[in-house]
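Hi,

Here is the structure I promised to pass on. Have a look at it first, and then read my notes below.

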Amino acid sequence: MNFNDIFKSSFLENVTSVNILDILIAIVLAFALGLFIFLVYKKTFSGVMYSSSFGVTLIALTMITTIVILAVTSNVVLSLGMVGALSIVRFRTAIKEPLDLAFLFWSIAVGIILAAGMIPLAVIGSVVVGVILLVFVNKKPHVSPYIVVLCCEDSSSESAARAFLEQHVQRCVVKSKSAQQGRIELNLEVRLKDGNTDFINTLSGMSGVASAALVSYNGEFMG
């Protein structure tokens with residue numbers, strides 16, 4: 001019995017089931033497209049705290065998906081085992097931004113398409129998706145919305161404060177209102193006519209107004 005007889009399950013035959021050149025080309029392209037996805041994510045990120053590890057994850061996910069699909073396409077039995085193995089994996093990392101889910105799916109899709117040999121589709125599709133994301137995600141509204149947090153003592157002071165706001169801003173919409181004994185708190189979405197915010201100083205000094213604060217808003221409003 002020699003060394004080859006030990007592996008009668010065709011283990012050694014699987015070594016050459018995927019061409020080495022194909023493997024290198026697929027991995028290099030997966031890294032390049034994963035890096036492109038990472039750069040698009042970095043340019044379009046609009047959350048509170050940027051996570052560099054998530055960007056690196058996009059590159060790694062593209063390459064890992066490519067390697068896995070290359071293995072699956074070379075062996076039908078292995079593909080069934082891979083499905084069973086992945087079905088027991090549970091990912092518990094919370095996705096805080098909805099757009100992050102699109103980037104994850106983008107990385108996985110590129111890895112699958114590359115491993116399937118559809119290189120033009122992977123490259124051209126990634127460029128088109130990247131350009132669309134850069135255009136639409138980075139598109140900012142002409143007038144940035146703000147939230148005015150207003151505390152008044154009674155209904156008359158509330159009416160006077162709202163009338164004053166409507167004269168000095170382009171748009172004023174009540175987002176929430178809470179009332180207690182001797183205290184009314186309002187959250188109003190406003191659109192400024194210009195960059196001047198001196199009206200908040202005047203508003204806070206009005207009779208019956210306990211406090212007034214202007215807070216930057218991310219623009220995800222209703223209506």
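How many residues does helix H5 have, and how far does H5 reach from its first C-alpha to its last? Helix H5 runs over residues 98-115, so to speak for 18 residues, and spans 27 Å, close to the 26 Å expected at 1.5 Å a residue. Keep in mind that this is a predicted model.

Asp100, Phe103, Leu104, Trp106, Ser107, Val110, Gly111, Leu114 and Ala115 are buried. They sit on the same side of H5, because the arc they cover around the axis is only 155°. Pro98, Leu101 and Phe105, on the other side of H5, are exposed. Just after the helix you'll find Gly117, with a positive phi of about 90°.

Next, the surface. There is a nonpolar patch with about 950 Å² of accessible area together, and its residues include Leu21, Ile25, Ile119, Val123 and Phe136. Helix H2 (20-44) and helix H6 (119-137) each bring at least two residues to the patch, and H6 gives the most, with 9. One to click on is Ile124, which is found in H6: its relative accessible area is 55%, over the 50% cut-off, so Ile124 counts as exposed.

Now the inside. In soluble globular proteins, nonpolar side chains tend to be buried together. Here, the largest nonpolar core has 18 residues, and those with the most contacts inside it are Val148, Leu150, Leu165, Val169, Phe199 and Leu203. Two or more residues each come from strand E1 (145-152), helix H7 (155-168), strand E2 (169-180), strand E3 (183-192), helix H8 (199-204) and strand E4 (209-216). E3 gives the most to this core, with 5 residues.

Last, the charges. The count comes to 5 salt bridges. In one of them, Lys177 pairs with Glu158, with the closest N and O atoms 3.1 Å apart. That pair links distant parts of the chain, as Lys177 is in strand E2 and Glu158 in helix H7, 19 residues apart. Lys177 is exposed at 51% relative accessible area, whereas Glu158 is buried at 7%.

Glu189 is buried, at 1% relative accessibility, while Arg171 is partly exposed at 29% and Lys175 partly exposed at 34%. Together with Arg191, these residues are linked in a network of salt bridges.

Cheers

Technical notes: Residues are numbered from 1 along each chain as its sequence is written. This is a predicted model: local features need pLDDT of at least 70, side-chain atom pairs count only at pLDDT 80 or more; totals for chains, interfaces and linings use all residues. Side-chain values use heavy atoms; hydrogens and water are left out. Patches are made of residues with over 30% relative accessible area and no salt bridge: like charges are joined within 9 Å, nonpolar side chains (Val, Leu, Ile, Met, Phe, Trp, Tyr) within 5 Å. Accessible areas come from the Shrake-Rupley method with a 1.4 Å probe; for residues, only the protein chains shown count as cover. A salt bridge is a side-chain nitrogen of Lys or Arg within 4 Å of a carboxyl oxygen of Asp or Glu. Helices (H or I, at least four residues) and strands (E, at least two) are DSSP runs, numbered from the N terminus. Buried means under 20% relative accessible area, exposed over 50%, partly exposed in between (1.4 Å probe, protein chains only). The expected span of a helix is 1.5 Å times one less than its number of residues. The arc is that of the directions from the helix axis to the C-beta atoms. A nonpolar core is a set of buried Ala, Val, Leu, Ile, Met, Phe, Trp, Tyr and Cys residues joined through side-chain atoms within 4.5 Å.
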